[in-house]
Amino acid sequence: MPSRAHTALVAYRDRTARLALVATAALVSLAALGACGGSAAPRPVPSRTAAEPQTAPPPTTPPNGIVVPVGDTPEGVVIDDALDAAVVALRRPDSVALVGLGGTHALRRIATPGRARHLRLAAPDGPLLLPGEDVNTVFEIALPTGTVTARYPTGHQPHDAVEVGGHVWVTDELAGRVSILGGAGSAKSLPAGLQPGGLDTAAGRVAVADVRGNALYVFDVKTQRQVAVLPAGAGPTHVERVGPTTVAVADTRGGAILLYDLSGHPRQLFRLPLPGGPYGLAADPTHHRLWVALSGRNELLRLDVEGTRLRESSVRYATVQQPNSVAVSAKTGALVVAGATAKGTLQLLNPGS
């Protein structure tokens, strides 16, 4: 039977969590009103749990393209066009795999000092940004050598990172903050909701998805201050830049893709319903496309970006099981899908023009 002290502790934690939800909802409501010049705005409704990818059944349709076995639970993938290779984060052991996109699809594994679910390139020619969730550190890693060239201590469980304005911005998922690291001066940390997850940058702003508070936090890169908090569906996860001023957000639990303009007074432009658990996102700005991995359906879907709207195309690919991550080559438009299972695979696709 639990002790009185244990019972009191549990009650205290529950009460604290409820108060946090109420406070965040109030903050979001006020910020949304301010950003819209006093007009009424929908108020985000925080969730008790974070949005997660839908669990995919075993595929019933053979995946399109070429399938390459890579190792345990690949999740988080980028394409390094300078190396003509995909780079994917793996577990057991913690590492990244480099897979050639042409010829023999040669596989090389590099041990990493932390476990990641997201990867980014700080610039088109690198280095690789690897948020080590288990060691509370973001690493810069040179490719193809695997040499760690910089490391930045973060808050609790760094989840996603992007380099902009000479700094690395990283979401500290279990600290409820976004950290601004590197560059001149000391590190800075800002509140970013209940559980910040994916982020990206456009129009000199950084947008952060609060995966439990169901809001999009927007920060100014130059002033390093919050400029808006906007509703973001019923369970946002990933953020992807799709234009000079616009980002798309995967509302995974709400079954939709949301489009936002971050310039001026940030605002939501469009909502496209999309059943199947939209999760991983990859933008192809050259062809004005957004690729969406439907994790619950083992499918990859192409959306066409048309200014302030998104249009669902007829292009769909059957994928490997549990397609949580997708990347696109800025040079060729080639696609890589990571199947996040214990017998993990990469799927290589060439959709053409």
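This briefing walks through an aromatic pair, some neighbouring strands and a nonpolar core. The model is predicted, so local features need pLDDT of at least 70 and side-chain atom pairs count only at pLDDT 80 or more, while totals for chains, interfaces and linings use all residues. Residues are numbered from 1 along each chain as its sequence is written, and side-chain values use heavy atoms, with hydrogens and water left out.

**Aromatic rings**
- The structure holds 2 aromatic pairs (rings of Phe, Tyr and Trp, its six-membered ring, with centres within 6.5 Å; planes under 30 degrees apart are stacked, over 60 edge-to-face, the rest tilted).
- In one of them, Trp-169 and Phe-219 have ring centres 6.2 Å apart and planes at 45°, so this pair is tilted.
- Trp-169 sits in strand 11 (residues 167-172) and Phe-219 in strand 16 (residues 215-220), so the pair links parts 50 residues apart in sequence. Strands here are DSSP runs (E, at least two residues), numbered from the N terminus.
- Trp-169 is buried, at 0% relative accessibility (buried means under 20% relative accessible area, 1.4 Å probe, protein chains only).

- Strand 11 and strand 12 run antiparallel, joined by 5 bridges (strands pair if DSSP finds at least two bridges between them).
- 4 of the 5 residues in strand 12 (residues 177-181) are buried.

**Nonpolar core**
- The largest nonpolar core has 17 residues, and Val-242 and Leu-310 are among those with the most contacts inside it (a core is a set of buried Ala, Val, Leu, Ile, Met, Phe, Trp, Tyr and Cys residues joined through side-chain atoms within 4.5 Å).

Technical notes: Buried means under 20% relative accessible area, exposed over 50%, partly exposed in between (1.4 Å probe, protein chains only).
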